[in-house]
Amino acid sequence: MMSSSQGCIRGTIVERYCLNKPSSSRQTWHIVIDITGGHLPFRPGDSIGVWPKNPEEIVRELIRYFHLLPTTTIIDPRTQQTALLRTYLEEVVDLNRVSSRFVELIGQTAMSHENRQEICAAVAADRSFEGYDVLDFLRTFAPGGVAFEDVSSGFLPIIPRLYSISSGPTRSVNCIDLTVGRVQYECDGRLRLGLCSNYLISAPPHAASLRLFHQPSSHFAFPTTSDTPLVMIGSGTGVAPFRAYMQEVEMGAITPPPCWLFFGEQQRTTDFFYEEFWNAQVAAGRLRLDLAFSQDQEHKIYVQHRMWERRSELWQWLDDGAAILVCGNAKKMAKDVDACLANIGVSEGSLSPEAALRFLRQLRHQGRYIRDVY
Ligand SMILES: Cc1cc2nc3c(=O)[nH]c(=O)nc-3n(C[C@H](O)[C@H](O)[C@H](O)COP(=O)(O)OP(=O)(O)OC[C@H]3O[C@@H](n4cnc5c(N)ncnc54)[C@H](O)[C@@H]3O)c2cc1C
Ligand SMILES: NC(=O)c1ccc[n+]([C@@H]2O[C@H](COP(=O)([O-])OP(=O)(O)OC[C@H]3O[C@@H](n4cnc5c(N)ncnc54)[C@H](OP(=O)(O)O)[C@@H]3O)[C@@H](O)[C@H]2O)c1
């Protein structure tokens, strides 16, 4: 259940399952959030902002480390407001990341002379402590303890994360779906977990009250007429807004243009999210689908390789006025898709490389080439 005031929405997770089969190397979760009463006038392409909380066990351990009580009243150095220590450590500061200010403060206050020297040397060398979260850092470099008020000004604030809504409003106004990739990696030999993705994956269903907000997309807008053919390019979780759009099409809320989706993931047997849904759209004649499973063969096949294979038809679609929407990884996929589109302009449109870049710029100006990448 939820309530909404001044842009803040409260929601509850009512369903959650992993979209990958067990032998996958990845975890991407389908999460259904009850927003009953939220009056969320969302559209495909919009996102939800989530305010994560730090894990309870980390907060408990940290309170113990500071030799304080959960109910101790502290002063938030950023706002000068009072707060309960537990609430402050759970909801206000990001315990996942160590700021350089925090490192400096520990350097000034740590009991152990040996560690103080190590920290000062690291700060001087501009060495980051990316492998550490706050508790890890304190236990390693200030095992003798420090006072909360001596280091509290070094905490970083929690910032919300955005997630594309992967369901359509016509299917349900009371629930939204998210498609969340679990961030988990190793750094300096330590396991690091993304704060918000892991919060969403571990928050108790039907119990935890999530703090959310609606982030309408000003730029990532789907065509509103059925005259504009739609090419959707999404790898991994980037497929989320396209599911929302196709759900609207399926529900008859949108008179669809010709729709074409390029979807990429690692392996077909384990990572083909929403396979039944996509196959149903294809079977109903609502969607053309091209798939790129990067790890199903020795060499990588990505969405842009499939686009290149279909370059002549893609160019024809562009000639017919198609809009291109790209969603997903910014650093790798979106960059390479952009280069691929320019190459298609050269190959199929007989454009010079400079003219192909101008053509893409023009598409962007016309709102026919838009991206939501992260
Ligand atoms: C408009 C928009 C829509 C989005 N939609 C979605 C969506 O639908 N689904 C989705 O899953 N995400 C989506 N995201 C991304 C999402 O907002 C978060 O950034 C993501 O979930 C990570 O947040 P986190 O709190 O779990 O990780 P954080 O605690 O923020 O940690 C992430 C950081 O960890 C580091 N990191 C991550 N992986 C590695 C690695 N392998 N090696 C070293 N360092 C690493 C990087 O510094 C990275 O910035 C979207 C982002 C935007 C801007
Ligand atoms: N979903 C998860 O389980 C998961 C897990 C950990 C972290 N994350 C993080 O969450 C964010 C979003 O991840 P995501 O799940 O949406 O997917 P992603 O990591 O972007 O991967 C989706 C697909 O894109 C492929 N890819 C890699 N480089 C590419 C390129 N240059 N061009 C085109 N495709 C390329 C990947 O192939 P290859 O991987 O085979 O190269 C994979 O098949 C990323 O920052 C990611 O690091 C997600």
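# Exercises on a predicted chain with two ligands

**Exercise 1. Which residues are buried in H8?**

Step 1. The buried residues of H8 are Ala 240, Pro 241, Phe 242, Arg 243, Ala 244, Tyr 245, Met 246, Gln 247, Glu 248 and Val 249. The model is predicted.

Step 2. H8 runs over residues 240-250, and ten of its eleven residues are buried, so the rest of the structure largely encloses it.

Step 3. Look just past the helix. There, Gly 252 has a positive phi of about 80 degrees.

**Exercise 2. Describe the chain as a whole, then its domains.**

Step 1. Count the elements. The chain has 14 helices and 18 strands.

Step 2. Take the overall dimensions. Along the principal axes, the C-alpha atoms fill a box of roughly 70 × 50 × 40 Å.

Step 3. Check burial and contact range. Of the 374 residues, 38% are buried. Among contacts between residues at least 6 apart in sequence, 74% join residues at least 24 apart.

Step 4. Divide the chain. The domain assignment gives domain 1 (4-43 + 167-215), domain 2 (56-157) and domain 3 (230-373).

Step 5. Compare domains 1 and 3. Their centres, taken over C-alpha atoms, are separated by 25 Å. In the contact between them, 14 residues of domain 1 meet 14 residues of domain 3. S10 gives the most to the domain 1 side, with three residues. By class, that side has two nonpolar, nine polar and three charged residues.

**Exercise 3. Which residues touch the most other members of the largest nonpolar core?**

Step 1. This core has 64 residues, and Met 232 and Leu 325 touch the most other members.

Step 2. Domain 1 and domain 3 both give residues to it, so the core lies between them.

Step 3. Follow Met 232. Leaving out residues up to four places away in sequence, Met 232 touches Phe 242, Cys 259, Trp 260, Leu 261 and Leu 325. One of these, Phe 242, is among the buried residues of H8.

Step 4. Look for another core. A second, separate one has 24 residues, including Ile 74, Val 103, Ile 106 and Phe 129.

**Exercise 4. Which residues of H13 are buried, and which are exposed on its other side?**

Step 1. List the buried residues. In H13 they are Met 333, Ala 334, Val 337, Cys 340, Leu 341, Ile 344 and Gly 345.

Step 2. Find their side. These residues cover an arc of only 145 degrees around the axis, which puts them on the same side of H13.

Step 3. Turn to the other side of H13. Lys 331 and Lys 332 are exposed there.

Step 4. Find the cover over the buried residues. It includes strands S14 (230-235), S17 (323-328) and S18 (369-373). Helices H11, H12 (311-319) and H14 (353-365) are also among the covering elements.

Step 5. Leave the helix. Just after H13, Ser 350 takes a positive phi of about 50 degrees.

**Exercise 5. Is Gln 80 buried or exposed, and is His 206 buried or exposed?**

Step 1. Check Gln 80. It has 7 C-beta neighbours inside 10 Å and therefore counts as exposed. Gln 80 is in the loop between strand S5 (73-75) and strand S6 (82-84).

Step 2. Check His 206. With 10 C-beta neighbours inside 10 Å, His 206 counts as exposed. Its loop lies between H7 and strand S13 (210-215).

Step 3. Most residues other than glycine have a negative phi. Gln 80, not a glycine, has a positive phi of about 65 degrees. His 206, also not a glycine, has a positive phi of about 65 degrees.

Conventions:
Residues are numbered from 1 along each chain as its sequence is written. Chains are lettered from A and ligands numbered from 1 in the order in which they are written. This is a predicted model: local features need pLDDT of at least 70, side-chain atom pairs count only at pLDDT 80 or more; totals for chains, interfaces and linings use all residues. A nonpolar core is a set of buried Ala, Val, Leu, Ile, Met, Phe, Trp, Tyr and Cys residues joined through C-beta atoms within 7 Å. A residue is buried if 20 or more other C-beta atoms lie within 10 Å of its own, exposed if 12 or fewer, and partly exposed in between; C-beta atoms are placed from the backbone. Domain bounds come from an automatic or database domain assignment. Two residues are in contact if their C-beta atoms, placed from the backbone, lie within 7 Å. Helices (H or I, at least four residues) and strands (E, at least two) are DSSP runs, numbered from the N terminus. The arc is that of the directions from the helix axis to the C-beta atoms. Ala, Val, Leu, Ile, Met, Phe, Trp, Tyr, Cys and Pro count as nonpolar, Asp, Glu, Lys and Arg as charged, and the others, Gly among them, as polar.
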